[in-house]
Amino acid sequence: MNVRRNVPLAAYTTLGLGGPAGAFVEARSTQRLIEAVTAADDARTPLLLLGGGSNLVVADEGFDGTVVRVATRGRQVVDAGDTARVLLCAGEPWDGFVAWAVANELAGVECLSGIPGCVGATPMQNVGAYGQEVAEVITAVRVWDRRDRAQRTLLPKECAFGYRDSVFKREARGRYAVLSVAFALRRGGTASVRYGELQKALGEGDRSLARVRETVLSLRRAKGMVWDPDDPEGRTAGSFFTNPVVTGAEADAVLARAAGVLREGESMPRWPTDDGRVKLAAGWLIERAGVTKGWTVDGAGVSHRHALALVNRGGTTRALLAMAARVQDRVREAFGVGLEIEPERVG
Ligand code: EPU
């Protein structure tokens, strides 16, 4: 196995931040991936599985352990009537899969266009956008179980998917290495268009999968949520905070505090969740708490295009986390709401 030492991780994260990895291995096959994980576990060194690095905040000091870059590629398609079952290796780029599905008239992931990162990371946080989430189409997740040292297939129920949440972030944190993910897509199916902003942008025009994809891409671009290495405003980890989910009474209390900052004719964004609670818009709360888009301290700033994204403008991880803390403080002071950091922190 080709092990490299002291590899700077900044080049492997969309934020462009992070110090060196003690050991760095690239796994190009599933077998190699299992071997690399097992070797790190045998040596009792901390392990970081790295996909697209789009949801990762690595400390300036780096990561004193083994980084295994998941570079496994492969796609298998099995037809089952109106459904296409697609099995993808963990290292497949997510948006390549979406583009392929849309081009082949396979419905189910079109609203998830333009999301950076790899397939294997999507079950972790149940990636979602514009009214769709991967939990709707995942049929199985094949994993390496580091505890039992065996491969296992997890069914959706065992993954315990929720809003930006799954068993991989909770009870089973660190236990599994995702090897591949199976999806069920609808052949010739129609696009699911549930998100208000997307419905508005599509208007009366056709709702082909291709048009939905193009529309989602342009909405994301306008918010700086399509990663582009040449765009200085694009050095982000997407949404830096999750949208807070609160009880109805808590939402009313926030609304009472927001009364003074509501613009004429404006209402506070809030959506009911399946479990009877209320989801609030973190981006809205941040702006109304007085945080101005573009605010930058020590090279870490709030995006000019979307208040929920923090941008690395030539600073450090320390500066970025300090910025996050400032934003959290402002929102807590203004509305009594605590914002949770969404990307994974390492080191
Ligand atoms: N808003 C503001 N100011 C802002 C940003 C948003 O007032 O700077 C308001 C908007 O006007 C809207 C509400 O907040 O009323 C929601 O905004 P938006 O539609 O942009 O979505 P979001 O809740 O901020 C979530 C996801 C995104 C996903 C979009 C679209 C989370 C944490 N983020 O953002 O996902 O693309 O919905 O579905 O749930 C990501 O997770 O990295 C990500 C980009």
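The model is a predicted one. Its domain assignment gives domain 1 (4-70), domain 2 (75-222) and domain 3 (236-346).

Let's start with domains 2 and 3. Their C-alpha centres sit 26 Å apart, and 6 residues of domain 2 touch 7 residues of domain 3. Together the two domains bury about 540 Å², with 43% of that on carbon and sulfur atoms. On the domain 2 side, Tyr 163, Arg 164 and Ala 222 give up the most area, together 63% of what that side buries. Across this interface there is 1 salt bridge and 1 residue pair in polar contact. By class, the domain 2 side that touches domain 3 has 2 nonpolar, 1 polar and 3 charged residues.

Now for the salt bridges: the whole structure has 26 of them. Here are a few, including one with Arg 164:

| Pair | Closest N to O |
|---|---|
| Glu 342 and Arg 164 | 3.8 Å |
| Asp 148 and Arg 175 | 3.6 Å |
| Arg 277 and Asp 275 | 3.1 Å |

Arg 149 is partly exposed at 39% relative accessible area, and Asp 42 is exposed at 51%.

What about Asp 148 and Arg 175? Asp 148 forms a salt bridge with Arg 175. Asp 148 lies in the loop between β11 and β12 and Arg 175 in the loop between α3 (156-159) and β13 (176-187), so the pair ties together parts 27 residues apart in sequence. Asp 148 is partly exposed at 43%, whereas Arg 175 counts as buried at 18% relative accessibility. Through shared partners, salt bridges join Asp 145, Arg 147, Asp 148, Arg 152, Glu 158 and Arg 175 into one network.

How values were computed:
Residues numbered from 1 in each chain as written. Predicted model: local features only at pLDDT ≥ 70, side-chain atom pairs only at ≥ 80, totals over all residues. Heavy atoms only, no water. Domains from an automatic or database assignment. Contact = heavy atoms within 4.5 Å. Buried area = accessible area lost by both parts, 1.4 Å probe. Salt bridge = Lys/Arg side-chain N within 4 Å of Asp/Glu carboxyl O. Polar contact = N/O pair within 3.5 Å; in protein donor to acceptor, adjacent residues only side chain to side chain. Nonpolar A, V, L, I, M, F, W, Y, C, P; charged D, E, K, R; others polar. Buried < 20%, exposed > 50% of the residue type's maximum accessible area, 1.4 Å probe, protein only. Helix = DSSP H or I, 4+ residues; strand = E, 2+ residues; numbered from the N terminus.
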